[in-house]
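Please look over the sequence and the model shown here before reading on. The report can then be followed residue by residue.

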Amino acid sequence: MSSLKQHQLRALVAVADHGSVNAAARALCVTQPAITKALRELEVEQGVPLLLRSSWGVTLTDAGQTLLGHARLVTRELERAQGEMERLRTGRERRLRIGLTPLAGLEVLPQAFTAFRLAMPQVQVDFLELSALQLLDSMRCGQLDFALGAFVTPVDDSFSYMSVESLCELKSGFAVRADSTLRYARSLHELQQVEWLHADVSGQYESFVCDLFVRQSLVPPERITCCTSNVLFCSLLMTMDAVVPMSNLALRATLTAQRFIELELELNPPDLSLLLLIREGAILSRAAERFIACIHEAQVKQPQPF
């Protein structure tokens, strides 16, 4: 079987990202016949169909999806290598892409970024807030240099391809507006008919809430609303009575902390761990190594929860 070629893998990634051969050609600044040829050669050499072509565009077969994961990883590592060669040639650092889940941004990242910016002012940094599932998938494909995520422990097989370092524990709870009539609730029975608001698209939070009620022999709430818009989420919190998940540290860290109160219930969400994730075997750039060092320094200086 012929070896995989760089231009073939780039063509596959571009088609998957842009949905058509023409769009992929524009993105890579090559001709449409060049993309078509690269993909046909790839299919012939690998001996399996990789693409499904239709009048609506191009989709990947199961084999294509499998190869796509490896193609993303290879092309991303080549980009990293090119960036490091440019640094050695010009003295300029390359771009840094850091993934994080929502709660991760409340802890050590602000202090770490401030220190990093002083040390490496020329590096372009992208912070990408993702759901837990999106973050793990982006790490698997090599699209992130490293990530910070708040996850329920213990860590499962989803992290088997990564180096995982636990930075701190985040105590979880449910919160409502400080002026809400719900602030006096002490049992789940009192919260059956209210709005439960969250931002977890994976469905895990909704399942957890329902399971809490079932374990108390109660019917789960009918109104469990997922909202991934941060602006709308905050607006809803300010205008309606809703129960939301929020760690104690998050309550103290946000500027609107005084507007919320944590409910004193008999059951709460499981505690979370703030994890530093690095893909196993990844070669970190100097910029990534420096930022991670800043995270560790900020963690040492982090005040202990009270």
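## The chain as a whole

This is a predicted model. The chain has 306 residues, and 44% of them count as buried. Its secondary structure comes to 10 helices and 12 strands.

Among contacts with a separation of 6 or more, 75% are accounted for by residues 24 or more positions apart.

## The nonpolar cores

The largest nonpolar core contains 28 residues. Inside this core, the residues with the most contacts are Leu96, Phe116, Phe146, Leu148, Phe291 and Ile295. At least two residues of the core come from each of strand 3 (96–100), helix 5 (109–119), strand 5 (146–152), strand 6 (162–170), strand 12 (272–279) and helix 10 (286–301). Helix 10 gives the largest share, seven residues.

With its neighbours within four places in sequence left aside, Leu96 is in contact with residues including Phe116, Val123, Val125, Ala287, Ala288 and Phe291. Its contacts also include Gln124, Asp126, Asp145 and Ser285. A second, separate core has 20 residues, among them Ala11, Leu12, Ala14 and Leu60.

## Helix 1 against helix 3

Two packed helices are described by the angle between their axes and the distance between the axes. For helix 1 (residues 6–18) and helix 3 (residues 32–46), the angle is about 110° and the axes are 9 Å apart. Angles of 65 to 115 degrees count as roughly perpendicular, and the two helices are therefore roughly perpendicular to each other.

On the helix 1 side, the contact is made by His7, Gln8, Ala11, Leu12 and Val15. Helix 3 contributes Ile35, Ala38, Leu39, Glu41, Leu42 and Glu45. Sorted by type, the residues of this contact are seven nonpolar, two polar and two charged. Ala11 and Leu12 of this contact are also included in the second core.

## Two loop residues with positive phi

Which residue in the loop between helix 2 (21–28) and helix 3 is considered here? That residue is Cys29. Its phi is near 60°, a positive value in a residue other than glycine. Cys29 has a relative accessible area of 72% and is exposed.

Ser217 is found in the loop between helix 7 (204–215) and strand 9 (224–226). Ser217 is not a glycine, yet its phi is positive, at about 60°. With a relative accessible area of 70%, Ser217 is exposed.

How values were computed:
Residues are numbered from 1 along each chain as its sequence is written. This is a predicted model: local features need pLDDT of at least 70, side-chain atom pairs count only at pLDDT 80 or more; totals for chains, interfaces and linings use all residues. Side-chain values use heavy atoms; hydrogens and water are left out. Axes are lines fitted to C-alpha atoms, for helices over the stretch in contact, and angles run from 0 to 180 degrees between N-to-C directions. Helices (H or I, at least four residues) and strands (E, at least two) are DSSP runs, numbered from the N terminus. Angles under 35 degrees count as roughly parallel, over 145 as roughly antiparallel, 65 to 115 as roughly perpendicular and the rest as oblique. Contact means heavy atoms within 4.5 Å. Ala, Val, Leu, Ile, Met, Phe, Trp, Tyr, Cys and Pro count as nonpolar, Asp, Glu, Lys and Arg as charged, and the others, Gly among them, as polar. A nonpolar core is a set of buried Ala, Val, Leu, Ile, Met, Phe, Trp, Tyr and Cys residues joined through side-chain atoms within 4.5 Å. Buried means under 20% relative accessible area, exposed over 50%, partly exposed in between (1.4 Å probe, protein chains only).
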